[in-house]
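Please look through this model with me before it goes further.

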Amino acid sequence: MKHKQKNIPKLLFYNLLLLAVVVGAGCNTYAQRGPSEPIRTVEQWRHRCGGKPVEHLVCSGPGVLRLITLLDASEKVIAVEQMEHGTDGVAPYRRANPQYGELPIFGEGHGRDNVEVLLAMEPRPDVIIRMDNPGSGLDPAVLQERTGIPVVLIPYTDLADNLSVLEKNLLFLGEILDRQERAARLTVFIKLQINELKQRTDPIPFQERHTAFLGGLSYRGTHGLNSTTSLYPPFDWLNITNPAAAISNNAIGAQHIMVAPEQIIKWNPEFLFVDLGTLDFAGLETAAEVQTQAVFRSLDAVKSNQIYALYPNNSYGTNFVSLLVNAWFIGKTVYPEHFTDVNFSQKADEICRFMLNTTFDQMCPEHLKTRVHEKFLQTPPVQEH
C-alpha cells in the first residue's frame with residue numbers, strides 16, 4: 001500500500017504535464033475539452049475555440065485554399081500541400097498568390113497530411129481546414145486526435161446545383177477567420193453575376209436556344225476532347241442546351257463523364273468549347289482532334305468554325321473565377337445580340353479584381369494568353385469531298 005501511495009503524486013505530475021502540452025497550442029483545445037468529432041458548424045467552433053479568430057492555419061484537400069484566398073485570408077496560411085506548391089499552373093488563386101510557393105509543405109494532397117510535420121511546425125496551426133471527402137487521406141477525426149489541432153470540415157462545393165453550400169462555406173469560414181464582411185460581399189457578388197447572366201438569356205424561347213458541347217474538361221488530371229460534364233453551370237445560366245446533361249454518372253461524382261466520339265457526332269452541337277487544360281495532356285494538344293480526326297469534320301460546329309477555347313475550369317477543384325469569366329465569354333459568343341453592351345475584357349477584369357485583386361491578364365499563364373477566349377482553330381478544318 002505504501003508503495004502505491006508514493007506513486008500517486010508522480011502519476012498526477014505526468015498527467016498534468018501531458019495536459020499542459022496539449023493546452024499550450026492556442027486554439028488547440030481538443031484534448032482540453034474532451035474527445036469530439038471534427039468541427040462542422042460555427043456553434044461547434046465557438047464552443048471548441050471560444051470564438052477567437054484563427055491566426056494560423058493550413059488547408060487540406062481540393063478547393064480549401066481557394067476559399068481561404070477568396071476570403072482575403074492568405075496571410076493566415078503557414079503551410080500548404082504539395083499539390084498547392086507552385087505558381088506555374090492554371091489555378092487563378094495560386095497565380096495571384098505566388099507566396100504559396102515559398103511556404104513549407106505539410107502533406108501530399110487530397111487529405112494525405114503528415115502528422116509529424118504538423119506537430120513540428122512553429123507556429124502551430126490554430127486549425128486545420130479540411131475538405132470533407134470521406135475515404136480520401138487520413139481520417140479527419142484521427143488527424144485531430146493525433147495532432148491535438150481542431151479540424152474544421154467543410155463539404156465540397158462548386159457553382160452548379162449546390163450554390164447554397166458554397167455560400168454556407170464562405171459565411172462559416174468568414175466567421176472563424178474574422179472575414180464576415182468579405183464573405184457576405186463575395187456571396188452577393190457571385191449571385192449577382194449568375195443572376196445577370198440568367199436575366200439576359202431567360203427571354204430566349206426554348207426553340208431558339210442553341211446547343212453546345214464542352215470538351216477536354218480536366219478532372220483529376222487532363223483528358224482528351226471526349227471528357228465533358230453533364231452539369232456545366234455556364235450552359236445552365238445562359239439557357240444553352242447541353243446534350244451531355246442527359247447522361248448521369250453519379251458513381252464518380254462531379255458529373256464528369258467520358259463519351260465516345262460517335263456520341264458527339266450524334267449530338268452534333270452548334271458550338272464546341274474546348275477546355276485548354278487539354279494542352280497539358282501528355283504534352284499534346286489532344287483537343288486538336290477536331291482538326292486531325294476525320295470523324296469530327298461532319299459536326300456543324302466544325303463546319304462553321306464555331307469552336308472556342310476556354311480558360312481551364314478545374315485545377316484541384318473548380319476554378320470559380322475562371323468559371324464566371326468563361327460564362328460571360330460563352331454568353332457573348334453564343335447569344336451576341338443579348339450582350340452587345342458588354343465589353344468582355346472589362347468584365348473579366350472586374351471579376352478578377354473583385355475576387356482575387358488581380359487582372360485577367362495577370363491571372364492568365366503565358367502559354368494560354370494567345371489561345372484563351374479565342375477561336376480554337378484559326379482556320380476551319382479542310383472538308384473532304
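1. Please read each value below as computed from predicted coordinates.

2. Cis peptide. Glutamate 122 and proline 123 are joined by a cis peptide bond. Its omega is about 5°. Proline 123 sits in the loop that runs between α5 (115-120) and β4 (127-132).

3. Tyrosine 316. This residue is not a glycine, yet its phi is positive, about 55°. The loop between β10 (307-310) and α13 (320-334) holds tyrosine 316. Is tyrosine 316 buried or exposed? Its relative accessibility is 10%, so it counts as buried, the cut-off being under 20%.

4. Histidine 373. Here too a non-glycine residue has a positive phi, about 60°. Histidine 373 belongs to the segment after α16 (366-369). With a relative accessible area of 8%, histidine 373 is buried.

5. Helix pair. How do α2 (residues 42-49) and α7 (residues 163-176) pack? Their axes are 10 Å apart, at an angle of about 20°. The two helices are therefore roughly parallel, since angles under 35 degrees count as such. The crossing of α2 past α7 is right-handed.

6. Contact residues. From α2, Val42, Trp45 and Arg46 take part. They meet Phe172, Glu175 and Ile176 of α7. By class, this contact has 4 nonpolar and 2 charged residues, with no polar ones.

Terms used
Residues numbered from 1 in each chain as written. Predicted model: local features only at pLDDT ≥ 70, side-chain atom pairs only at ≥ 80, totals over all residues. Heavy atoms only, no water. Helix = DSSP H or I, 4+ residues; strand = E, 2+ residues; numbered from the N terminus. Buried < 20%, exposed > 50% of the residue type's maximum accessible area, 1.4 Å probe, protein only. Axes fitted to C-alpha atoms, helices over the stretch in contact; angles between N-to-C directions. Parallel < 35°, antiparallel > 145°, perpendicular 65-115°, else oblique. Left-handed = near helix turned anticlockwise from the far one by under 90°. Contact = heavy atoms within 4.5 Å. Nonpolar A, V, L, I, M, F, W, Y, C, P; charged D, E, K, R; others polar.
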